[in-house]
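Have a look at the model first, then read on.

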Amino acid sequence: MLAASRDPIVAIATAPGRGGVGIVRVSGRGLEPFVRALLGRSPKPREATYLPFSDVVGQPIDHGLALWFPAPHSYTGEDVLELQGHGGPVVLQLLLARCLEVAREAASTLRPARAGEFTERAFLNDKLDLAQAEAVADLIDASTEAAARSASRSLAGVFSDRIHGLRDALIHLRMLVEATLDFPEEEIDFLQKADATGQLQRLQEALAGVQAQARQGALLRDGLQVVIAGQPNAGKSSLLNALAGAELAIVTPVAGTTRDVVQQTIQIEGVPLHVVDTAGLRDSADVDAVEKIGIERAWSRIQKADAVLFLHDLGRRDSVGYREADASIATSLASTLPHGVPVLHVWNKLDQVGGDAPAAVQAQSDALAISARDGTGLEALRQRLLKLAGWQQHGGDGLFMARERHLQALRRVGEHLDAASDLLRARAEHLDLLAEELRLGQHALSEITGEFTADDLLGEIFSRFCIGK
């Protein structure tokens with residue numbers, strides 16, 4: 001397993017900068033002698049003790065609270081000491097240095113913690129499973145209230161409980177199949193008597209429900225990359241400003257004003273949308289070197305988009321040259337975008353054409369008419385973006401946070417269950433293959449909670465945590 005070293009660790013557990021309170025956290029095995037040497041006493045377990053934090057000559061560095069959590073009743077499952085003092089960076093660095101100094105005097109191997117190492121130890125000591133450990137980072141990083149609440153549910157074990165329910169049903173089905181394999185001479189058909197086909201079907205239905213919720217949870221966590229693209233002066237920057245509710249991008253009548261990418265994260269019903277304004281797309285032969293770079297960056301962001309808002313100018317709709325340029329952009333989009341990335345055609349400047357979109361625009365199912373200037377149609381656009389994202393209206397109740405690796409694991413489970421369903425129809429000939437598909441499905445489920453997880457994956461997950469957590 002990862003983190004085979006059991007050295008005690010220490011870190012500043014609060015964010016960099018100044019604050020009312022700052023925390024230095026220590027975790028390890030057998031820390032009581034270190035605690036006595038550092039504090040001059042043994043504080044009562046799980047009670048806040050107010051005392052001075054002294055330097056090597058007995059002068060106070062700070063006065064604060066010491067919290068002592070003997071193993072296994074702590075976040076990491078090891079002995080944990082927390083020093084809560086004033087939140088100045090110099091004070092906290094002095095406390096950290098004092099901890100390391102006391103450890104050296106006692107010939108201890110106390111060392112600075114790596115990013116995520118406290119939570120990693122909580123996972124390794126069975127205080128959290130891997131999905132819950134990931135939820136710690138997701139809760140810290142949550143950009144919306146809905147995301148924070150969903151991460152909190154995952155941390156409380158809601159997602160893990162759903163996975164364990166699927167796993168238990170899968171194990172029961174495996175038991176039936178393997179019993180039939182182990183006792184082929186018995187007259188009793190275990191599979192038929194126990195309704196194995198019905199059990200597998202119910203398991204697939206339950207999996208589909210978990211997958212649907214996990215996709216919603218992943219959307220709350222990662223959001224959607226929405227790129228606004230179109231010709232110069234179509235109103236892309238105005239649309240970004242209108243969606244964000246702030247003057248983020250410069251807006252002028254001069255074509256090519258936007259030379260670089262401007263991004264803002266907004267939220268719609270708790271779903272984070274990362275909206276990207278780009279340089280106007282036009283023939284690079286007609287632009288200067290700086291604008292050419294902006295256009296190249298625009299196409300680069302378009303290639304990475306989850307959805308594209310192709311913005312058109314209603315005021316220039318009847319211009320032959322404008323229509324030809326739009327058609328050229330549409331062709332380039334079709335050849336550039338990965339399969340399945342939606343393109344929503346948005347016709348801007350409705351306020352300049354009398355307030356009603358032309359019939360030809362209204363007839364397009366993938367088109368929407370708006371005015372970025374006066375806000376007409378923006379709410380309809382927001383709802384269309386949610387639909388493109390795959391968001392379902394449910395108020396967020398019961399949602400849990402999920403990650404792309406969880407979705408991939410659930411997809412593999414589904415593939416193994418589909419294969420098992422096919423084999424079950426011919427169980428007399430393929431029971432050994434059926435048992436193997438069920439085993440692989442159980443393995444994929446267990447990867448989510450960390451029962452079977454490669455060390456390199458654990459390293460990748462915990463390295464993205466902040467220091468001190």
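What share of the contacts in the chain with a separation of 6 or more comes from residues 24 or more positions apart? Those residues account for 67%, with a contact meaning heavy atoms within 4.5 Å.

Some ground rules before the details. This is a predicted model, where local features need pLDDT of at least 70, side-chain atom pairs count only at pLDDT 80 or more, and totals for chains, interfaces and linings use all residues. Residues are numbered from 1 along each chain as its sequence is written, and side-chain values use heavy atoms, leaving out hydrogens and water.

The chain has 16 helices and 12 strands; these are DSSP runs numbered from the N terminus, helices being H or I with at least four residues and strands E with at least two. Of its 469 residues, 46% count as buried, that is, under 20% relative accessible area with a 1.4 Å probe and protein chains only, while exposed is over 50% and partly exposed lies in between.

Now for helix α3, residues 117-124. Because 7 of its 8 residues are buried, α3 is largely enclosed by the rest of the structure. Among the buried ones are Glu117, Arg121 and Phe123. After α3 comes aspartate 126, with a positive phi near 65°.

On to the rings. The whole structure holds 3 aromatic pairs, where rings of Phe, Tyr and Trp (its six-membered ring) pair if their centres lie within 6.5 Å; planes under 30 degrees apart are stacked, over 60 edge-to-face, and the rest tilted. Here are two of those pairs:

| Pair | Centre to centre | Plane angle | Type |
|---|---|---|---|
| Phenylalanine 123 and phenylalanine 462 | 6.3 Å | 35° | tilted |
| Phenylalanine 159 and phenylalanine 400 | 4.5 Å | 10° | stacked |

Phenylalanine 123 sits in α3 and phenylalanine 462 in helix α16 (residues 455-463), so this pair ties together parts 339 residues apart in sequence. Phenylalanine 123 is buried at 7% relative accessible area, and phenylalanine 462 is buried at 1%. Together with Phe465, Phe123 and Phe462 make up one aromatic cluster.

In the other pair, phenylalanine 159 belongs to helix α6 (residues 158-182) and phenylalanine 400 to the loop between α13 (378-389) and α14 (404-424), 241 residues apart. Phenylalanine 159 and phenylalanine 400 are both buried.
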